[in-house]
Amino acid sequence: MAYNLLKGKKGIIFGALNDASIAWKVAEKAHEEGAEIVLTNTPMALRMGELDKLAEKINAKIIPADASNVEDLENLLKESMAHFGGQIDFILHSIGMSLNVRKKRPYDDLNYDYMMKTLDISAISFHKLLQSARKLDAIVEWGSVVALTYIAAQRTFYGYNEMAEAKSMLESIARSFGYIYGRDKKIRVNTISQSPTLTTAGQGIKGLTDLLDFSERMSPLGNASAEDCADYCTVMFSDLTRKVTMQNLFNDGGFSNVGMSWRAMNVYSTSLDDLKSNINKIID
Ligand SMILES: NC(=O)c1ccc[n+]([C@@H]2O[C@H](COP(=O)([O-])OP(=O)(O)OC[C@H]3O[C@@H](n4cnc5c(N)ncnc54)[C@H](O)[C@@H]3O)[C@@H](O)[C@H]2O)c1
């Protein structure tokens, strides 16, 4: 059901690669709620992905940009304003990439050139985007900028590797820039911390299937899907959240505040008993 929450609003959405991408679902939802959209991704992702299909479906313009390149970002913002005939109301940063994960380098054997690239693409790109937008006065007063993050920024999740550092930095940028942008232009900057989700980037997380099962059992409401994330982003882009800024907002079915759930405890104790009887050994 649509509520026209974004009627007349114009937004840029980064990071839709295929129909599993969270950004893809956000773009569909924002369109359904009345927004006009510019879609963007790297030239390589545009060649490999299926963004054309989405653009056609929601009548969006595609403007290529590597989010780690300031010139590309400035061009994207200028072209988007020309296309919309004015300033932008909302932006979604839905970008993540770890070179060390891709190259299967474990956390205690990182390649630091790769790590710098990971931080640049996954976190500093958010600063570059905000700084470019502010210099070009590209975002309307009371506009909203959201980036997607993960709870590994606060707590260690084995296998998330250097992306934990990238997400910590991303969330910090939202706070630091959120202060400046809020004070000067009444622009909101927030991060949404999403449940593990089966997407191309998600599959890079070591043991994602088990992690999905674990967090599903730990969360009283169950994992949040990409569609749930799209709903939350829509509210954050709307006028209903005008005083929410500099926050890291959990969209995770309650996972972040649970220590141990009954459902997870059951699985843990059952398999521990199996293990004990199988190997006939006490494990503590
Ligand atoms: N999938 C999960 O479990 C999960 C959980 C929490 C947060 N997130 C975050 O959600 C966001 C979206 O990821 P997703 O899960 O939808 O996966 P995805 O693979 O569909 O999206 C990642 C996107 O980043 C883009 N990208 C990579 N390098 C780029 C660059 N230099 N410039 C511009 N774009 C670039 C990719 O082309 C891709 O479209 C990421 O920030 C991710 O960390 C994902």
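Phe90 has Ser144 of strand S5 as its bridge partner in this predicted model. Strand S4, residues 88-93, is joined to S5 by five bridges, and the two run parallel. Strands of a sheet pair through backbone hydrogen bonds, in either a parallel or an antiparallel manner.

The pairing of S4 with S5 belongs to an open sheet of seven strands, ordered S3-S2-S1-S4-S5-S6-S7 and paired in parallel. At its edges stand strand S3 (61-62) and strand S7 (248-251); each has a single partner strand, so one side of each is left without a neighbour in the sheet.

Helices pack on this sheet. Helix H3 (residues 51-58) touches strand S2 (36-40) and S3, and its direction makes about 175° with that of S2. Helix H4 (residues 70-84) lies across strand S1 (10-14), S2, S3 and S4, and runs at about 155° to S2.

H4 also packs with helix H6 (residues 112-135), at an angle of about 50° and with the axes 9 Å apart. The two helices are therefore oblique to each other, and H4 passes H6 in a right-handed crossing. On the H4 side the contact is made by Val70, Leu73, Glu74 and Leu77, and on the H6 side by Lys128, Leu129, Ser132 and Ala133. By class, this contact has five nonpolar, one polar and two charged residues.

The ligand is surrounded by 27 residues, of which the closest are Ser21, Gly96, Thr199, Ala201 and Gly202. Strand S5 (139-149) returns here: S5 and helix H1 (22-32) each supply at least two residues of the shell. The shell divides into 13 nonpolar residues, 13 polar and one charged.

Note on methods: Residues numbered from 1 in each chain as written. Predicted model: local features only at pLDDT ≥ 70, side-chain atom pairs only at ≥ 80, totals over all residues. Near = placed C-beta within 6 Å. Helix = DSSP H or I, 4+ residues; strand = E, 2+ residues; numbered from the N terminus. Nonpolar A, V, L, I, M, F, W, Y, C, P; charged D, E, K, R; others polar. Pairing = 2+ DSSP bridges. Contact = placed C-beta atoms within 7 Å. Axes fitted to C-alpha atoms, helices over the stretch in contact; angles between N-to-C directions. Parallel < 35°, antiparallel > 145°, perpendicular 65-115°, else oblique. Left-handed = near helix turned anticlockwise from the far one by under 90°.
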